Amino acid sequence: MASLFRALTPLTRPAATKTSPSICASCRTLTTTPFLSAGHNKWSKIRHDKAINDRKRMQTILFYTQQITVSCKLYGPDPAYNPNLSNIISLSKKAGVPKEKIETALARGQGKSTTGATLEPLTFEAVVPPSIALIIEAETESKLRCLQNLNLRVKKISGASSSSKFFFSRLGRVVFEKDTEKGIDIDQIMDEAIEAGAEDLENDSEGNIVVWTQPPDTAYVAKTIGTRFDLKALSAGIVWTPNEDTKARLDSGIQHEKFAEMLEQMREDGDVQAIYSNVTRGEMSDEEWVKIEECLSR
């Protein structure tokens with residue numbers, strides 16, 4: 001009788017939990033497992049925070065290594081005779097810049113690699129979607145290897161190596177650190193700067209003094225004004241500035257993500273010294289635009 005009852009009783013199972021695929025906002029991966037979502041979100045947040053910290057660390061290293069190279073080029077590679085260089089190296093160590101990065105920056109300031117090989121300058125031009133022009137300046141032991149690496153990164157986002165210099169103007173630029181102690185401003189240095197060869201002066205968003213010159217006058221202006229007013233040169237070089245009527249708008253979306261990722265990869269390349277672009281901000285968040293600005297040379 002018991003067996004007959006079991007035969008007549010329909011088998012019942014717990015109702016299956018209906019799930020629908022969802023996308024993690026932080027890491028953009030597909031998940032269909034509700035009971036794992038808490039751990040998944042935690043791991044996504046850790047990954048997201050790590051990416052932000054890695055980017056900040058990269059910016060810190062770039063900031064100090066660029067200052068070391070500039071100081072070395074302008075005032076000599078020996079810290080004993082270049083107090084500015086000695087101070088920057090000390091600050092770099094305190095900021096946790098790896099020893100090998102400091103040595104590489106010192107070598108580049110002398111036009112050499114850490115192995116003593118002479119570095120060759122390289123300018124790479126490209127256009128990537130949506131009609132964004134790029135000029136990448138590099139110093140490398142192997143031009144062929146460097147070109148292959150840059151070409152590969154551009155092709156990955158459907159771009160191509162192409163002439164792009166006509167999107168830009170060539171100018172000399174010297175950036176002096178804001179003087180908070182003596183309060184030296186543009187008006188105080190203007191006459192001497194113009195006499196030395198400056199064509200324009202302005203303050204950047206952080207209050208530093210930016211002096212624009214013709215390319216041949218760049219080094220002379222940096223040394224003359226820096227010495228005369230005891231100002232620290234954060235950077236000095238010949239740059240490419242995008243022409244206003246040729247700038248390309250970039251909005252948030254897949255093209256932005258690919259472009260930002262490509263720039264970060266180029267920035268991490270030890271051969272790449274500067275990245276210039278005619279990109280201009282479209283509809284995107286502040287965080288998205290900062291990711292691009294951090295990689296570009298302005």
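Modeller: First, a term: buried means under 20% relative accessible area, exposed over 50%, partly exposed in between (1.4 Å probe, protein chains only). This is a predicted model, where local features need pLDDT of at least 70, side-chain atom pairs count only at pLDDT 80 or more, and totals for chains, interfaces and linings use all residues. Residues are numbered from 1 along each chain as its sequence is written, and side-chain values use heavy atoms, with hydrogens and water left out.

Colleague: Thanks! Is Arg108 buried or exposed?
Modeller: Buried, because its relative accessible area is 9%.

Colleague: And which residues is Arg108 in contact with?
Modeller: Leaving aside neighbours within four places in sequence, Arg108 is in contact with Thr69, Lys73, Leu119, Glu139, Gly270, Asp271 and Gln273. Contact means heavy atoms within 4.5 Å. A polar atom of the Arg108 side chain lies 2.8 Å from the backbone oxygen of Gly270.

Colleague: New topic: which residues in the largest nonpolar core touch the most other members?
Modeller: Phe259, Met262, Leu263 and Ile292, out of 27 residues. A nonpolar core is a set of buried Ala, Val, Leu, Ile, Met, Phe, Trp, Tyr and Cys residues joined through side-chain atoms within 4.5 Å.

Colleague: Where does the largest share of this core come from?
Modeller: From helix 8, with five residues. Helices here are DSSP runs (H or I, at least four residues), numbered from the N terminus.

Colleague: And what does Phe259 touch?
Modeller: Beyond neighbours within four places in sequence, its contacts include Val128, Leu250 and Ile292.

Note on methods: Polar contact = N/O pair within 3.5 Å; in protein donor to acceptor, adjacent residues only side chain to side chain. Helix = DSSP H or I, 4+ residues; strand = E, 2+ residues; numbered from the N terminus.
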